[in-house]
Amino acid sequence: MAKYLVPASLLLLAQSIVAASLFDSYVSLSFELIGFPTFAGTRSHPNSFSRNLIHNLAELQGSGIVVRVGGNSGDRAIYDSTLATATASACPNADPGAWQCIGTTFFESYGGFPAGTRYSHQFNLGAYNSSGWNTLQNTVPLACKALVGQLEYWEVGNEPDLFIGSRRPSTYNASQYSTEWLNTTEHFESHLRRACPQLSHSIKYIAPSLSSPGARLHIGDIFQDEGNATQKIIQVSVHNYMNGATVPGVTLQSTLMSHNAVVESIAGHINYAKTSEINADYIIGEHNSLYGGGASGLSDVFGAALWAMEFSLYAASTDVIKRIHFHQSVGSPYAAWVPSGTLATKAPYYGKLAASAFLAHSNTIDIHTIALNKDADKDSGYGAYINGDLQRVAVLNLRQYNSGSGARGNQTYSVTVAPGSSWTSKRLTAPGATDTTGVTFNGFSYDADSNGLAKRVSGKESGKIIRADHSGNITFTLQDSEAIVLLRNYMR
C-alpha cells in the first residue's frame, strides 16, 4: 500500500492561476441524428428515462446540457414529407438511393429533453445534389421553428475528410470542401431569413467537424482565402476517439485506463488548435472511447466510466478545449444508456456523473493536474480552483482490477490543502473494471428500476467527511479501479 505525499507547491502545473475560460456544461452530449428521436421522445411525449438521466448531469453541472444532434447519419438523412415516422432506413418517395431519411415528426424531438437543454442541428452536406438541396430547403423551417428559444448553434456536414474516396473523389481537397460549405451555408441562411427571421440576425456555426487532428483535410488549409465569410464560426469542432473498436492491440488498461494514453490523444488537439486559421474557440464536438460504436467488454464496462472521467478532467485542464460532447448511438456499446426496449443505465454514464460533479459551473473554475509523484500513468489527480482557491480534488486509481481475480489492491493518497479544512468525498466505484453493473457514484445508482433517478444503495459509502490535519493533509484510500471527488465544505 503506497502513500503519496503532495506538497502544495506541486499542486499547480502553472505558476499562477489565470481567469477561468471554459464553457459552461463542459460535459455535454452528441447524438447520432438517426437515433435522436429514440433517445429524446417528443416535446409532448418525452422519453422520461433519458430526460431524468440528462437532468442529473445538468443538476450536477449547474447548467443545461448542450446537445449536438448529427454525426454520420446527419450526412445521410434525406427529408421525406410522406414519412409517417420520425426516421426510416430508406426513403424511396424522396430519393431511392438515400441511405436514411427523416420525416416531419423528427423535429418534434427537440424539446424532449429537460428545460434548459440547448441544441445544435446538423444539416446534410454529404448529399451535395438535388436531394440534398431539397432536404435543406424543407428542413430549415422545421428545424428553426423547433429550436426557437433553445438553439446553441448550427452545423453543416460531419467529418467531411471521410468523404474522400467515398462521397467525393479521391482528389477532394480543402478548397473544394470550403466552397461546398460556404455555398451550403449561403443557401441555409437564405432559407432561415424567410422561415425564422428572428434567428437570422445572430447565426452561429460549429465547423469544420473533422474526424480527428489527423484528418486528411487539414484545418490549416480550410477557409484560407474566404475573408470575412467565416466570422459566424463560433466554435472550431474536431472529433476524437481513443482508437477503433476492431483495431488489434486495443485493451482496457492500455487504451482507456491510462492517463498517458489520454494525454497523448488530447495532445493532438492542443497542437492542432494552434494551426487553425479560424478565430473561434476549440471544442471536441463528438467523441467517445472507440470509433465504430465502441466494443463490448471495453466501451460498456466500468473501466470506460473511469476513462470518461479521466478524459473530461484532463481535457478541461488544458484550457484549450472549451467543451466536450460524448457521442451516443442507439445500440452502441459506448452509449451511456439504453433508451428503448429493456431500459438500462450503462457503466460509462457514471463516469460522466463524476466528471460533472467535479466540473460543476465549469465556466467559473480553473482545472490543473495534481502531481501524485508515483505512477504517472495509473495515478491521476486534478484540482479545481475558484479565484485561485482550491475547491475540489479528484483522484483516479487506474490500475485494472477485475472482480473475482483475487485480492483487490489499493493505494492511499495524501493531498495538501488548507489546514483543518473539511471535505466531502464522493466515490466512483464498481466491483471491478470489467463489470457492467453494480456501479455507483457517491453511494447512489441511477438505473432503470428508478427510471434514471438517484437511488441510495445500501452499504455503499456516501458523503463521507474527511478533515485535513493541522499540516493541511487530507488522506484517503482508493481501491484499484476506483476514483473519488472531494468537495470543500464551509461553515455556515
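**View 1. Helices α7 and α8 cross in a right-handed sense.** In this crossing convention, the near helix is turned clockwise from the far one by less than a right angle for a right-handed crossing, and anticlockwise for a left-handed one. The model is a predicted one, in which local features require pLDDT of at least 70 and side-chain atom pairs count only at pLDDT 80 or more, whereas totals for chains, interfaces and linings use all residues. Residues are numbered from 1 along each chain as its sequence is written, and side-chain values use heavy atoms, with hydrogens and water left out. Helix α7 covers residues 302-317, and helix α8 covers residues 347-358; helices (H or I, at least four residues) and strands (E, at least two) are DSSP runs numbered from the N terminus. The axes of α7 and α8 come within 7 Å and cross at roughly 30°, where axes are lines fitted to C-alpha atoms, for helices over the stretch in contact, and angles run from 0 to 180 degrees between N-to-C directions. The two helices, α7 and α8, are therefore roughly parallel to each other (under 35 degrees; over 145 is roughly antiparallel, 65 to 115 roughly perpendicular and the rest oblique). On the α7 side, the contact is formed by Phe302, Ala304, Ala305, Ala308, Met309, Ser312 and Leu313, which meet Ala347, Pro348, Gly351, Lys352, Ala354, Ala355 and Phe358 of α8; contact means heavy atoms within 4.5 Å. By class, the residues of this contact divide into 11 nonpolar, 2 polar and 1 charged (Ala, Val, Leu, Ile, Met, Phe, Trp, Tyr, Cys and Pro are nonpolar, Asp, Glu, Lys and Arg charged, and the others, Gly among them, polar).

**View 2. Helix α2 packs against helix α8.** Residues 48-61 form α2, whose axis lies 8 Å from that of α8 at an angle of about 20°. This angle makes α2 roughly parallel to α8. The crossing of α2 past α8 is right-handed. From α2, Leu53, Asn56, Leu57, Leu60 and Gln61 meet Tyr349, Lys352, Leu353, Ser356 and Ala357 in α8. The contact of α2 with α8 comprises 6 nonpolar, 3 polar and 1 charged residues. Lys352 of α8 is listed in the contact with α2 and also in the contact with α7.

**View 3. Helix α6 packs against helix α7.** The axes of α6 (residues 259-273) and α7 are 10 Å apart, at an angle of about 45°. That angle makes α6 oblique to α7. The sense of the α6 and α7 crossing is right-handed. His259, Val262, Val263, Ser265 and Ile266 of α6 meet Trp307, Glu310, Phe311, Tyr314 and Ala315 of α7. The contact of α6 with α7 contains 7 nonpolar, 2 polar and 1 charged residues.

**View 4. Tyr314 is a residue of helix α7.** With 17% relative accessibility, Tyr314 counts as buried (buried means under 20% relative accessible area, exposed over 50% and partly exposed in between, with a 1.4 Å probe and protein chains only). Residues up to four places away in sequence aside, Tyr314 touches His259, Val262, Val263, Ile266, Thr369 and Tyr382. His368 is 54 residues from Tyr314 along the chain, and their C-alpha atoms are separated by 8.3 Å.

**View 5. A cis peptide bond links Ala207 to Pro208.** The omega angle of this bond is near -5°. Pro208 belongs to strand β9 (residues 205-210), and Ser209 is also found in strand β9. Although not a glycine, Ser209 has a positive phi of about 55°. Ser209 has 1% relative accessibility and so counts as buried.

**View 6. Asp319 has a positive phi in the loop between α7 and β13.** Its value is near 65°, in a residue other than glycine. Strand β13 covers residues 321-328. Asp319 counts as partly exposed, at 29% relative accessibility.

**View 7. Gly409 lies in the loop between β18 (389-397) and β19 (410-416).** At 26% relative accessibility, Gly409 counts as partly exposed. Apart from neighbours within four places in sequence, Gly409 is in contact with Gln479 and Asp480. UniProt lists residues 381-485 for "domain: Beta-glucuronidase C-terminal" in an unreviewed entry. The span 381-485 is 0% helix and 49% strand, and its end C-alpha atoms lie 10 Å apart.

**View 8. Thr342 is placed in the loop between β14 (337-338) and β15 (344-345).** Thr342 is exposed, with a relative accessible area of 70%. Thr342 and Gly111 are 231 residues apart in sequence, with a C-alpha to C-alpha distance of 23 Å.

Definitions and conventions: UniProt positions are given in the numbering used here, feature names are shortened, and annotations may be inferred rather than shown by experiment.
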